[in-house]
Amino acid sequence: MRRSGTALLALALACTRSAADHEVLGDREYAAGAYRNALAEYQLGLKANPNADLHAKAASAALHTGDYALAADQYVALASADRSRAEEAADGLERVVRSALAANDRPAGTAALSGLRAVAPRRPLGKYVRLAALGAVERGDTAEALALLPGAVAAASDGRSADSLLFLYGMAAVRARACSTAVLAFEAVIRRQRAAAVVDGAREGLSLCALAAGQRLLDGGKPAEAEDWFRRATAPGSPPDVVRGGFLGLGDVKLAQGDVAGALESYQQAIVGGAPGDTIAQRAQEKIKALGKAGP
């Protein structure tokens, strides 16, 4: 047992020496400008004994070789290994962002910005906020997109760019089920008409939000409040199925208010334009039949 313990200790010491040896060799290669060789040595050292110093050195070497994604990973790992070096890691990540964008490596630049947000969440992103926001949208990170897009809108270089980003903010709010926020964004895009490419999408987003908000209010026993939202859903420019869904909701509102004739009229409009047997048409027809059976 004593021999076995001694052997394990010797093996651990050997691994530690191996990591140190790789670090020394890496430093020599780095000093000679042989950054790829230095990076290889640092990576071997990290396999033997991961530590903050080696993460920092590997990040710097990777940055010199143009492997920006690896550099970003190593700077994030540096901050994780030693929180007292978070500012150093953040500075490194900013260098990665600048270098990656200069090399037209947007994925690596976006990854570095994401790492920067994680390492130093209070550090202003400045001119990079737009890229960070778009990266969050592309990753489907709704919370991050909602946090970054307002800043990107404010920093936009022109009205068209601002409204394109505002549309993305509205869509992120839809995914977060924050329809009141989304509606304000979509209405601003539609009202200003500065980004033609997203105006139709804003109208569709607005109508979908209106339909969802109306249904939520109706289910909550607030038909009078729901009515306005359903009418928004039937506004010109809304997708046909959303319009029909809006009329279905208006029918339910009228019925809750005791206006049977108004309910029947709305249900009839919900059927118009629907494919045979589609869900909205079926529900409208069922409601019409139910009213017929309930009649005198």
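The expected span of a helix is 1.5 Å times one less than its number of residues, and the first legend below applies this rule to a helix of the predicted model.

View 1. The structure holds one cavity of 30 Å³ or more, and about 40 Å³ of space lies in the largest cavity. In general terms, rolling a probe the size of a water molecule over the atoms shows where empty space is left. The lining of the largest cavity is made up of Thr110, Leu113, Ser114, Arg117, Ala132, Arg139, Glu144 and Leu148. At least two residues of this lining come from each of helix H6 (106–119), helix H7 (129–139) and helix H8 (142–154), and H6 gives the most, with four residues. By residue class, the lining of the largest cavity divides into three nonpolar, two polar and three charged residues.

View 2. Asp91 and Arg123 form a salt bridge in which the closest N and O atoms are 2.9 Å apart. Asp91 lies in helix H5 (residues 86–102) and Arg123 in the loop between H6 and H7, so the pair ties together parts that are 32 residues apart in sequence. Asp91 counts as partly exposed because its relative accessibility is 34%, whereas Arg123, at 16% relative accessibility, counts as buried. Both residues also belong to a network of salt bridges that links Glu87, Asp91, Glu94 and Arg123.

**View 3. The salt bridge between Glu138 and Arg106.** Glu138 pairs with Arg106 in a salt bridge whose closest N and O atoms are 2.8 Å apart. This pair links distant parts of the chain, with Glu138 in helix H7 and Arg106 in helix H6, 32 residues apart. Glu138 is exposed, its relative accessible area being 58%, while Arg106 has a relative accessibility of 34% and therefore counts as partly exposed.

View 4. The side chains of Asp228 and Arg232 meet in a salt bridge, with a distance of 3.7 Å from N to O. Side chains of opposite charge can pair when their charged atoms come close. Because Asp228 and Arg232 are four residues apart in helix H12 (residues 223–233), they are separated by about one helical turn. Asp228 is partly exposed, with 43% relative accessible area, and Arg232 is likewise partly exposed, with a relative accessible area of 29%.

View 5. Arg177 has a phi angle near 60°, a positive value in a residue other than glycine. Arg177 is found in the loop between helix H9 (159–175) and helix H10 (179–192), and with a relative accessible area of 76% this residue is exposed. For Gln193, which is again a residue other than glycine, phi is positive and near 55°. Gln193 is found in the loop between H10 and helix H11 (196–219), where its relative accessible area of 44% makes this residue partly exposed.

**View 6. The buried cysteines Cys179 and Cys209.** Cys179 counts as buried, because its relative accessibility is 8%. Cys209 is buried too, with a relative accessible area of 1%. Under the rule that a disulfide is a pair of cysteine sulfur atoms within 2.5 Å, the count of disulfides in the model comes to zero.

Technical notes. Residues are numbered from 1 along each chain as its sequence is written. This is a predicted model: local features need pLDDT of at least 70, side-chain atom pairs count only at pLDDT 80 or more; totals for chains, interfaces and linings use all residues. Side-chain values use heavy atoms; hydrogens and water are left out. On a 1 Å grid over the protein atoms alone, a cavity is a set of points where a 1.4 Å probe fits but cannot get out, and a pocket is an open set with protein on both sides within 12 Å along at least five of seven lines; lining residues have an atom within 4 Å of a point. Grid points are joined across faces, edges and corners, and a volume is the space filled by probe spheres set on the points. Ala, Val, Leu, Ile, Met, Phe, Trp, Tyr, Cys and Pro count as nonpolar, Asp, Glu, Lys and Arg as charged, and the others, Gly among them, as polar. Buried means under 20% relative accessible area, exposed over 50%, partly exposed in between (1.4 Å probe, protein chains only). A salt bridge is a side-chain nitrogen of Lys or Arg within 4 Å of a carboxyl oxygen of Asp or Glu.
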